[in-house]
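The following exercises are to be worked with the sequence and the model side by side. Each task is followed by a solution in steps.

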Amino acid sequence: MKPTLLILAAGMGSRYGGLKQLDGIGPNGETIMDYSVFDAVRGGFGRVVFVIRRDFEADFRRKVLSRYERHVAVETVFQSPDSLPEGFVCPKERTKPWGTNHAVMMGREVIGEPFAVINADDFYGRDSFAVLGKELAGLEGGENRYCMVGFRVGNTLSESGSVARGVCEVDGRGYLTSVVERTAIARVDGRICFGNERGETVFLEENTPVSMNMWGFTPDYFAHSEAYFRTFLRAGINDPKREYFIPLMVNELTTTGKATVKVLDTASKWFGVTYREDRPGVVEKIRALVDGGAYPPALF
């Protein structure tokens, strides 16, 4: 069975100022998601599942899903703050969902094969999907052996401001030992750096692997996620800003030895619309890829 692609598309782009998942940036109004789906299909994925919010379902189906009807099987699942395990009640103060790993959990009823997880508003590139699709194809029937695409940090920066990235540590066999979210990563005087919790400047090598939320899992990940989500909720269900992120779950599994995560290298250059000022540059990069023959002028 071919692997499935799970796209996290429920969030609003607060810094960008709008629902950037539906923003057309290609020559024929293609969204960043369109390019991800196109690359996934040619990378060996057989189905796409979108995590969205019910309040923009109609708009999403009309503007996005209608593009794929004759090209790939698609499904939607819905994320909301009250999607909680039995025995837990969503606090009234909670107005937003519980983070990226909560979004992943929404796919548990429809996914029974190895699957990849990506953000809706990130452009990952053809090579990254090919590398991930090949790895997932070999995990059919396996358990507790996951993977992630480790982008080279120098290929993931924004020209419009600093970025947050999951900086990865990898052992000698190429497996993840930790991923730590670092904020305010930027290129300063030609060197990539960020400030740590002690106020010190930490420099990163160009090829340091970082997580761009491009993960590969087997279906047993859902059971791990639900079990740990209960622990997460018991520790702070009343904190309205607390979020259940994928790296939190992954770190728990790797540090306890319950699972391994293979880090897959890619030369793909990430880009995305983190800030509204990024949009013209993204449009220009897409146009250059189309003009260079990497993508057809009309994807679907």
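**Exercise 1. Identify the buried residues of helix H6 and state what follows for the helix.**

Step 1. The buried residues of H6 are Ile246, Pro247, Met249, Val250, Asn251, Leu253 and Thr254; buried means under 20% relative accessible area, exposed over 50%, and partly exposed in between (1.4 Å probe, protein chains only). Helices (H or I, at least four residues) and strands (E, at least two) are DSSP runs, numbered from the N terminus.

Step 2. Because seven of the ten residues of H6 (residues 246-255) are buried, the helix is largely enclosed by the rest of the structure.

Step 3. After H6 comes glycine 257, with a positive phi near 75°.

The model is predicted: local features need pLDDT of at least 70 and side-chain atom pairs count only at pLDDT 80 or more, while totals for chains, interfaces and linings use all residues. Residues are numbered from 1 along each chain as its sequence is written, and side-chain values use heavy atoms, with hydrogens and water left out.

**Exercise 2. Determine how many residues of helix H1 are buried, and which they are.**

Step 1. In H1 (residues 32-42), nine of the eleven residues are buried, and the helix is mostly covered.

Step 2. The buried residues are Ile32, Met33, Asp34, Tyr35, Ser36, Val37, Phe38, Asp39 and Ala40.

Step 3. Glycine 44 follows H1 and has a positive phi, near 105°.

**Exercise 3. Trace the pairing of strands S8, S9 and S10.**

Step 1. S8 (residues 176-188) and S9 (residues 191-195) pair in the antiparallel sense over three bridges; strands pair if DSSP finds at least two bridges between them. Valine 188 lies opposite arginine 191 in S9.

Step 2. The hairpin of S8 and S9 has two residues between the strands, and aspartate 189 in the turn has a positive phi of about 50°.

Step 3. S9 also runs antiparallel to S10 (residues 201-204), to which four bridges join it. Here cysteine 193 stands opposite phenylalanine 203.

Step 4. Five residues separate the strands in the hairpin of S9 and S10, where glycine 199 has a positive phi near 80°.

**Exercise 4. Is asparagine 155 buried or exposed, and which residues does it contact?**

Step 1. Asparagine 155 sits in the loop between strand S6 (145-152) and strand S7 (163-170).

Step 2. Its relative accessibility is 19%, so asparagine 155 counts as buried.

Step 3. Leaving aside neighbours within four places in sequence, asparagine 155 is in contact with Ala267, Ser268, Lys269 and Trp270.

**Exercise 5. List the contacts of isoleucine 185.**

Step 1. Sequence neighbours within four places being excluded, isoleucine 185 is in contact with Val153, Leu157, Ser162, Val163, Arg165, Val167, Ile192, Cys193, Phe194 and Leu204.

Technical notes
Contact = heavy atoms within 4.5 Å.
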